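The paragraphs below go through a structure from a pair of helices to whole chains and the contact between them.

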Amino acid sequence: MLKESAGGWGLGARASNRQTRLIEVVVVVAIALLLIFVMPTVLSSFRLNLLGRFLALAIVGLGIDLIWGYTGLLSLGHGIFFGLGGYAIGMHLKLQIPPGELPDFMGLYGVTELPWFWKPFYLFPVASAAVVIIPAILAGLFGYLVFRNRIRGVYFSILTQAGVIIFFNFFNGQQKLFNGTNGLIDFSTILGANVSAQSTQVVFYILTVLLLIGTYALCRWLTSGRFGRLLMAIRDDESRVRFSGYDPTEFKVFVFAVSGAIAGIAGAMYTLQSGSVSPRAMDVAFSIEMVIWVAIGGRASLVGAVVGTLLVNYARSFFSEEYAEIWLFFQGALFLLVVTVLPDGIVGWLRNTGIQQLGRKQVITYPSLEEDPEVENERQNLGN
Amino acid sequence: MLAGLLDGLFNGISIGAVLLIAALGLAIVFGLMGVINLAHGELMMLGAYTTFVVQNGFKKLGEPWFEFYIFFALIMAFIVAAGVGLILERGVIRHLYGRPLETLLATWGVSLILQQFVRSVNWVLVVGISIFCLLFFGGLWILHRRSDINRIRNWVVAVMLPISLGIAIATSNFLSQTYKLAVTQPWFGAQNLDVSAPKWLRGGLPIGNFQMPYARVFIIALTILCVAAIYVFLQRTPWGLRIRAVTQNRSMSACLGIPTQKVDALTFALGSGLAGVAGCAISFLGSVGPNTGQNYIVDTFMVVVVGGVGKLVGTIFAALAIGTVNYLIGSGTLALLFAPIKPLADFFTFFATTSMAKVMVFALIIAFLQVRPGGIFPQKGRTVDA
């Protein structure tokens, strides 16, 4: 029965679907080629590094869009997973020393023996696997404990926010284990190559672009088809999904874990390109800012998440260079504007105002509130 | 041993009292509207800054007056925070009902603006904002009388916004160039400020071999007073009855003729005012700065989560429990208690700092929510899940 309803597209629709899919692939590949081959020759090394970092942040934007735009889970704590990814690769970089020696900061705090959990990070494969697996497991566990009890909405959001403060405190307070406030800095080599060398940085940049494309493809695959429709159904009316015989908990846990893993990858790439990872990656403000990137670009639109991330971050780097004071005002105004005037973000606004080529279907986030004309009418006229 | 426990109890209660007074307003607003106000901490910060201003004003009046500035400061803090809260509700939150997640983001934006505002507020900024408000909102108000306003409203806004913004910025620039530092110097700046408590609040009450600072006693008394006042207001007055009715069932209350919009605005102002009072209270515990509010918000949110929605008693229990547990773990009392059992003692010693205690408390809260997802006193009924 389900197959019938899911596969109820006409033959023509399927063909045109395939055509748009093909166009999308061509466009994405073209952008990727542009980023990989043209940008390194055009931009100065500083600008290229900046772009690479912002592209890494765009990866986490995709992760947020996956859970917020499509599944309706507003996480204010993705900094946890971002930071964990960064720390995982950072620990590997700090261990580029002869066996038996300790990372430099540990000597300062009188540590004599390498803590046990640092040891696996000697191996590059283990460290790079940890970048994905540790955030995914943590997100899955946290999600399971929370979603299992049907805690959702605002409750979930403030629990994630509390979580990010807790992790900030933990990494900030453990000087002996993670060098406290300063975090992990002064990386030397990775796989024998000098981390800060120009050629290595270009490799990191290209890797970031590839990972961004890969993440985009993954999110695209997850959000189209039956799984994606189920996610949107959970977002729009979770109780109804439950009554239809699905268990939303499993899906939410899974998608939250995937999103955490994506944030971990982003954190690792960001750390490699910025040359340090500190508890500031788990700052509350930073985690909420990630949400605004997606909101500006457009929820429930993967392109929007990437575009929004790049826009806001370039605006930030412009403003903090020119007028640092105004940036917070501007950012605050951005939060207010995007929820009141532009609830669908830039891409959503473009879609709704007639540029139909860009998007296919309009996504309504809260159908029960927005679609019922009677409710709207009453709200406006009766003032309740 | 007994002294240690007593000590823990008193400290726990005094930390819990701060949490409670900070969380009280948040809990009422959350219970009524399902809205978490991320700017709550900043409203507390405004209350603390108001206390600072009032204190400076009373210093000029001389010694006998200065002793009693607190009472005036409490009232002023309430009024200022409630006023800002009212503007916030009327201007932003009202448009976002039914979309709690968006409200979170919007109030976060407000909190960023408020933080930067106290950092950089000076005469130029104040004059500029007043001119803008006067021109823009005054113009809208005048045009509001025209019957065809709805048709041309967008055009009016599109024209008037840049004009009033331009005039405001030009005037501010002119002012700052003519009067220089006299008007461009920030009032408070980014550094922390110290509020000096009056003489009768310094020192402490000796209990056994341990001193209870009068400031703490004052906060406990203030908290009890606030809780009692809120209880009486909610249970014994007509508006309290309306607030309780809307909390239980919004649409049914609206059907029965309760002006839910007014109830929302009133409750939000009340909750914000309580935040202001809390800010006044915390200004006696340490210096206040633009980031003061940030230190308290997450703890107060946890109080709301643990306490459950719509019951004062839940908030009280949760605040006291979190305060006590936090102190017991953070001060290392538990580590001492379990000293005979080596691994347990080591375990608790690891968490025996203020920041690590929060890690432990968060884990405990998550564990607690496995047993009681709705908090200590969950609201019964089917409407909660809507």
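At what angle do helix α4 (residues 78–94) of chain A and helix α7 (residues 154–173) of chain A pack, and how far apart are their axes? The angle is about 35 degrees, and the axes are 8 Å apart. Axes here are lines fitted to C-alpha atoms, for helices over the stretch in contact, with angles running from 0 to 180 degrees between N-to-C directions. Helices (H or I, at least four residues) and strands (E, at least two) are DSSP runs, numbered from the N terminus. On the α4(A) side the contact is made by A:Gly79, A:Ile80 and A:Gly83, and on the α7(A) side by A:Gly163, A:Val164 and A:Phe167. Two residues are in contact if their C-beta atoms, placed from the backbone, lie within 7 Å. By class, this contact has three nonpolar, three polar and no charged residues. Ala, Val, Leu, Ile, Met, Phe, Trp, Tyr, Cys and Pro count as nonpolar, Asp, Glu, Lys and Arg as charged, and the others, Gly among them, as polar.

The model is predicted: local features need pLDDT of at least 70, side-chain atom pairs count only at pLDDT 80 or more, and totals for chains, interfaces and linings use all residues. Residues are numbered from 1 along each chain as its sequence is written, while chains are lettered from A and ligands numbered from 1 in the order in which they are written.

Helix α7(A) also takes part in the contact between the chains, giving 14 residues, the largest share of the side of chain A that touches chain B. The contact takes 39 residues from chain A and 38 residues from chain B. On the chain A side, the elements that give two or more residues are α7, α13 (284–297) and α15 (324–340). By class, that side has 24 nonpolar, 13 polar and two charged residues.

Chain A has 18 helices and two strands. One of its helices is α3 (residues 45–70), whose 26 residues should span 38 Å at 1.5 Å a residue; its end C-alpha atoms are 36 Å apart, which agrees. The expected span is 1.5 Å times one less than the number of residues. Of the 26 residues of α3(A), 20 are buried, so this helix is largely enclosed by the rest of the structure. A residue is buried if 20 or more other C-beta atoms lie within 10 Å of its own, exposed if 12 or fewer, and partly exposed in between, with C-beta atoms placed from the backbone. After α3(A) comes A:Gly72, which has a positive phi near 80 degrees.

A:Lys252, in helix α12 (residues 248–274) of chain A, is buried, with 25 other C-beta atoms within 10 Å. Not counting residues up to four places away in sequence, A:Lys252 touches A:Thr71, A:Leu73, A:Gly143, A:Phe147 and A:Ile234.

Chain B has 17 helices and two strands. Its radius of gyration, taken over C-alpha atoms, is 24 Å, close to the 21 Å that the globule rule gives for 386 residues, so chain B is as compact as a globular protein of that length. The globule rule is 2.2 Å times the number of residues to the power 0.38. Buried residues make up 42% of the 386 residues in chain B. B:Ala245, in helix α10 (residues 238–248) of chain B, counts as partly exposed, with 17 C-beta neighbours inside 10 Å.
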